[in-house]
Amino acid sequence: MTPLSEQNPEALHATLGDLQSRYAELQARGLKLDMTRGKPAPDQLDLSDDLLTMPGNRDHFTESREDARNYGGVQGLAELRTLFSGVLGAPPAQIVAGNNSSLALMHDCLAYALLKGVPGGARPWSREETVRFLCPVPGYDRHFALCETYGIEMLSVPMTPDGPDMAVVEDLVRDPSVKGMWCVPQYSNPGGETYSDDTVRRLAAMEAGAPDFRLFWDNAYALHHLTERRPHLVNVLEAAAEAGHPDRPFVFASTSKVTLAGAGVAFLAGSPDTIRWYLGCAGKRSIGPDKLNQLRHARFLRDEAGLLRLMDGHRQRLAPKFTAVTRILDRDLGGTGAARWTDPEGGYFILLETPEGCASRVVELAAGCGLAMTPAGATHPYGRDPHDRILRLAPSYPSLAEVEAAAEVIALCTLIAATEARLRG
């Protein structure tokens, strides 16, 4: 197709008519597709089916001979914390193993900070006149929802290929009301960026107006590679300690997209003071996590090598779906000027950038063809993309055939929306 920018109004009308005919054909297929969330597919969950039979009858003692059926052990099983020590970049003593949701750990750290304050702070955050968080955009809607739930004002920071724009971050963080920053440092959601060494070190070392400023370091995709390449990510805990801010990072991870999404284990890593603080708060909330679930994970994964073998199985199932989306977008949108998209090396998402004012229209058109997409604006605080350009594509859950059909729908709807926008001038 001739690039849309090179077509005169008469040619654009002809193009739109052809696209609308193709759209009617797609509607007639009666598709029912869902690409709204980055959920593991059933064949990925099948990789961990052995967990359903573990730890097994009478197998309920940990390495230290603790009875995992009973109360206690708020910090979680030592053997599982040891297994994930390399992933989290912290010694086992500086790790908490919790229940199935890292989002729950993020929520609790935020709630405890609001109610009780954090080490190095003068008072609970809720006693401040205003609490603000820095939010890289495009970003993760559930992070934004936590801030919105608790009335925390969100300040957008643009993303670059190296991570958040550090000139903007270093300017905004001088404000003492800025208490935190959301970070997905490897294979960012949804753009797929991995923070550069310089970015991580600057985040760890920068002078903040609030002495109790915290990085909410959501390393959700530390193991989720789509290629043989493995990006280098500076250990933020070590960098922060070297810079004199050891308590700054709250590091989060989980097995939600490693084993069973609804029955995994979540982790928090931090400085010794951070872990003492967290356990002091969490010990009032719970007498301990589900240690039987943690024990079966330790039995199933065995060691870090077992963990990496499992992730190879995920990659074999996920990579063809991502390849299919980018192949179809290249085929149907390449050279048209109607959009640009990422080709990530890991994570769970593809970012599609449409012309300004077109993202919502793409979602609307896709729904008319039976495809549910993540709402436009979900990648920005308050659900508002000021330019209505960014869409998050989630190829993981549908089958490969469904992913291919969905990509064709997305490409066609993007072309229609972009052509309509050109005609509007």
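Colleague: How many salt bridges are there between domain 1 and domain 2?

Modeller: The model is a predicted one. Its domain assignment gives domain 1 as 9-44 + 308-424 and domain 2 as 61-302. For a salt bridge, a side-chain nitrogen of Lys or Arg must lie within 4 Å of a carboxyl oxygen of Asp or Glu. Between domain 1 and domain 2 the count is four.

Colleague: Which element gives the most residues to the side of domain 1 that touches domain 2?

Modeller: Across the interface, nine residue pairs are in polar contact. On the side of domain 1, the elements that give two or more residues are helix H12 (304-333), strand E11 (350-353) and strand E13 (390-393). The greatest contribution, nine residues, is that of H12.

Colleague: How much area do domain 1 and domain 2 bury between them?

Modeller: The centres of the two domains, taken over C-alpha atoms, are 30 Å apart. In contact are 28 residues of domain 1 and 33 residues of domain 2. Carbon and sulfur atoms account for 62% of the buried area, which comes to about 2,700 Å².

Colleague: Which residues of domain 1 lose the most area to domain 2?

Modeller: Three residues together make up 24% of what the side of domain 1 buries. They are Arg-315, Glu-345 and Tyr-382.

Colleague: Where in the chain do Arg-315 and Glu-228 lie?

Modeller: The side chains of these two residues meet in a salt bridge, at 3.4 Å from N to O. The pair links distant parts of the chain, 87 residues apart. Arg-315 lies in helix H12, and Glu-228 in the loop between E7 and helix H9 (236-242).

Colleague: Why is one side of strand E2 and of strand E5 left without a neighbour in the sheet?

Modeller: The sheet is open, with eight strands in the order E2-E9-E8-E7-E6-E3-E4-E5 and mixed pairing. One side of E2 (95-97) and of E5 (163-164) has no neighbour because each stands at an edge, with a single partner strand.

Colleague: Which residue of E7 is the bridge partner of Met-181?

Modeller: Strand E6 (residues 178-183) runs parallel to strand E7 (residues 214-218), and four bridges join them. The partner of Met-181 in E7 is Leu-215.

How values were computed. Residues are numbered from 1 along each chain as its sequence is written. This is a predicted model: local features need pLDDT of at least 70, side-chain atom pairs count only at pLDDT 80 or more; totals for chains, interfaces and linings use all residues. Side-chain values use heavy atoms; hydrogens and water are left out. Domain bounds come from an automatic or database domain assignment. Contact means heavy atoms within 4.5 Å. Buried area is the accessible area (1.4 Å probe) that two parts lose on being put together, summed over both. A polar contact is a pair of N or O atoms within 3.5 Å; within protein, one must be able to donate a hydrogen and the other to accept it, and residues adjacent in sequence count only if both atoms are side-chain atoms. Two strands pair if DSSP finds at least two bridges between them.
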